[in-house]
Amino acid sequence: MMAVQDSKNRPLWGALILVVAIAPLFSGNQYLLSIAVMTLLYAYLALSWNVLGGIAGQLSLGHSAYFGIGAYASTWFFIHMGISPWIGMWIGAALAVVAAVIVGMSSLHLRGAYYALATLASAMVLKTLVENADDLLGGPRGMEVTLLRNAPWQFQYTSKEFYYVIALVFVALAVFINWRILRSRYGYYLAAVRNEQDAALALGVPTTRYKLYAAMISAAMTAIGGTFYAQFVLFVSPDKVFGANLGVVIAVVCIIGGRGTLWGPVLGALLLLPSEELARSFSGGMLGADMMLYGLLLMLVIWYEPRGLVTILQRWFGRSDRQRLTKQGATQ
Amino acid sequence: MTTNTLLEFKGVGKSFGGLRAIDNVSFTVNEGEIVGLIGPNGAGKTTLFSMASGFLEPTDGQIIFQGTRIDGLNPPRICRAGLVRTFQIVKPFGEMTVIENAMVGAFLHHARPEDAREVAAGVLRQVGLGGREEQVAKTLTLSGRKRLEVAKALATHPKLLLLDEVMAGLTTVEVSEMLELIHSLRASGVSILVIEHNMKAVMNLSNKIVVIQYGKKIAEGAPAEVANDPQVISAYLGGEHAA
Amino acid sequence: MSTYLQALLGGISTGAVYGLIALGLSLQFGVMKIINFAHGSFLMVAMYVTYYTCISLDLHPLLAAPIAAVALFFIGWACQRFFIDGIYRKESAREPIGVLIFTTGLWIFLDYFALALLGPDSRMIDSPWANEVVIMGDLIFTYPQVAGFVVAALVTTGLVAFMRYTALGRAIRATGQDREAASVLGIDSKRIYQLSFAIGLGVLGIAGALLLPMYPVNPFVGDIFGMRAFVIVVLGGIGSIAGAFWGGIIVGILESVGSQLIPVTYAEALIFLLFLGVMYFRPSGLFGVEKE
């Protein structure tokens, strides 16, 4: 969706994004940085989800499974075998891919809502298994990441700036991956599958296999996000990283922003995470205010513009429908 | 046989539970031919298409394409072998543009998006959709969608094209445009098997006509022959009319 | 042995209530082809309505049932009329993802609104009736269990009869099968949808009243029951009201007998595994009215 950025304005937009992205690093405000890091994390997770849920159009509500696998894997290998989370991250990604294949093979042939429920059910089964693995994984209480204070090679640092920069890099990479997929043959094929699966089959697209690939890529990316989270908060537990809420929120962020688009997931996170924080502070600690906001915004967006924020913004900036849809390439 | 046999149905049968939808159907499509497949509604014509293109598996018999058995193979493999089908109820990739639709077909043999786009543009010109490349597919008229359906299939460089009621719902002018298109396709080397209810169109197009009723073949031959076959006439008097 | 028999029969009675919960979902999907992810949340609403009706009017839970039913009926009607209908008509009939996502938002909103409004604590009805038992030989049944089964069975039978023998019921079934054909016959699909959705939630109201004596209510009680409802719907076949009843019984039995055999901590996963199993082996359900 480069449509908002005209070719002649592109350097200007690029510079603006760069400035906005780097600004928080100079604030010195740890609280602000914390929110910024979480916003970037969710942007990253939404971008990861986008590969399967947006571009391939498979509404997965169980991505918490992959997030949790990533968080637990890197943490376990770090605590028990001293392997740096930078390496453990890849182990987590590999395990998540295996999980994605298992889940995918048993559910990708299901239609819309059944697929969504099957992914949710799978994630919940995994959560129960982890909760019951007291000896191996710490059970419901979870595991703590050994505090090392400043140890960048072990993916830890005391200042939030460290995590902010890494998160920024992750988001940039995720955007890049989405971008490459969208302009490639694979991206067109996924869009075809999303629109009309039978017609895609008839034109030679190996639909099941390609959906599975999308699931695998998405799972691996999400797992890496899980490792980041584990290293940021230095603690993992079934509730925090395998919870059903998380899986739903990731999907919601991407959908509100505009699923299947390049910048939708980022916009979704930019809108929702700070709002959530504001809702929390302004509601005077009213329980659940942030989630209520998510639910409300989701309903509003689906009501007014199911294609999400990206499309709403494009309408405000006056692009015609025709131009918008083509500049996005093989997306909505 | 002096001409090459491209597609052969050999004693093909299909049962759905207790229902015998297709029974012992055999015929061939030769290279360079346009074969018309006609018959009353519900006779099983689309079922034959689905079996040939891999969407259904025959219960008995064989389907042979260019000398190799294809019955039971999946649609992408058959498509890659050079046999492509269109759908009776057209299935455009609605949210994508016209050219993107055609590109999906073109990608089969052209991995790079630039190449696929070029091939797609060419195919669109061939079917008369040149100039509409950037239009969103779901906004096309029925005639446009039918052409797009042909374009998508054409972009895969098929040897054999299965056209399922591609004239249904078109005006007389649009029908003759489509006829021209199909003739030009054959001239460019694509063999075609058409299902049609429009009798004039079928007679115009086909080298050979196969008539299916209640899942069985009841006639096969040159258009004039078949048109005068008493069995065919009685099959139609009970049901369909020429468009 | 008698523990298993007890569990079996207990499971049948809870299962009947589960079937009632699933019934509304099955009806909605059968008629409108929509998936309502907020179904569990509506059950939660029904249970809270019952709870507050009981304590403020000092009513017996069974008497609160009609009140809950009527309240939910209107909520259902309003929901369909003002929200769901709008989205439904805007999108492709084949794959109503928009409604799915909208009801997901509704689910989240309702759950957390309840949390904000009423707090996280579980509440239970304190009526003495709820603790009374019927004793038959070695077997003990609480009144709520018996009432649950009887009322659920009655309501289900009543609804099946309604669908089969009344003109309105037939109109609903016709619309579910073929909306256009039904409209040719003069059936207004909009009103039918409103009615179906409303009936579905009204039944949920009764189910909530039946459930409350057996189960405490909290803002998230709907989540696990909602999941159960989906399992039951796919087990019993989409659109089949009788199927929902029998599916509910099966799930009830599996749950209560199952919890005798496996540790409690795994018990929740049982429902999810059941869902996955059904999806994998028999997606069209045991009484499948519709095919995938």
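Predicted model: local features only at pLDDT ≥ 70, side-chain atom pairs only at ≥ 80, totals over all residues.
Figure 1. Of the 243 residues in chain B, 48% are buried. The chain holds nine helices and ten strands. Its C-alpha trace spans about 50 × 40 × 40 Å along the principal axes. A compact globule of 243 residues would have a radius of gyration near 18 Å, and the 18 Å of chain B therefore agrees with that of such a globule. When contacts in chain B between residues at least 6 apart in sequence are considered, 66% of them join residues at least 24 apart.

**Figure 2. The contact between chain A and chain B.** Chain A contributes 23 residues to this contact and chain B contributes 27 residues. On the side of chain A that touches chain B, two or more residues each come from helix 8 (185-195), helix 9 (197-202) and helix 16 (321-327) of chain A. Helix 8 of chain A gives the most, with six residues. Sorted by class, this side of chain A has 13 nonpolar, five polar and five charged residues.

**Figure 3. The contact between chain C and chain A.** Here 31 residues come from chain C and 34 residues from chain A. Helix 3, helix 4 (97-118) and helix 11 (264-281) of chain C each supply at least two residues of the side of chain C that touches chain A. The largest share of that side, 14 residues, belongs to helix 4 of chain C. The side of chain C that touches chain A is made up of 23 nonpolar, five polar and three charged residues.

**Figure 4. Helix 5 of chain C and the elements around its buried residues.** Helix 5 of chain C covers residues 143-165, 23 residues in total. From its first C-alpha to its last, this helix reaches 32 Å, close to the 33 Å expected at 1.5 Å a residue. Its buried residues include Pro144(C), Phe149(C), Val155(C), Leu159(C) and Met163(C). The buried residues of helix 5 pack against several elements of chain C, among them helix 1 (2-32), helix 3 (61-90), strand 2 (139-142) and helix 10 (241-261).

**Figure 5. The crossing of helix 5 and helix 6 in chain C.** The axes of these two helices come within 5 Å and cross at roughly 80°. Helix 5 and helix 6 of chain C are therefore roughly perpendicular to each other. Phe162(C), Met163(C), Arg164(C) and Tyr165(C) in helix 5 meet Gly169(C), Ile172(C) and Arg173(C) in helix 6. The residues of this contact divide into four nonpolar, one polar and two charged.

Methods: Residues numbered from 1 in each chain as written. Chains lettered and ligands numbered in written order. Helix = DSSP H or I, 4+ residues; strand = E, 2+ residues; numbered from the N terminus. Expected span 1.5 Å × (residues − 1). Buried ≥ 20, exposed ≤ 12 C-beta atoms within 10 Å, placed from the backbone. Contact = placed C-beta atoms within 7 Å. Nonpolar A, V, L, I, M, F, W, Y, C, P; charged D, E, K, R; others polar. Axes fitted to C-alpha atoms, helices over the stretch in contact; angles between N-to-C directions. Parallel < 35°, antiparallel > 145°, perpendicular 65-115°, else oblique. Rg over C-alpha atoms; globule rule 2.2 N^0.38 Å.
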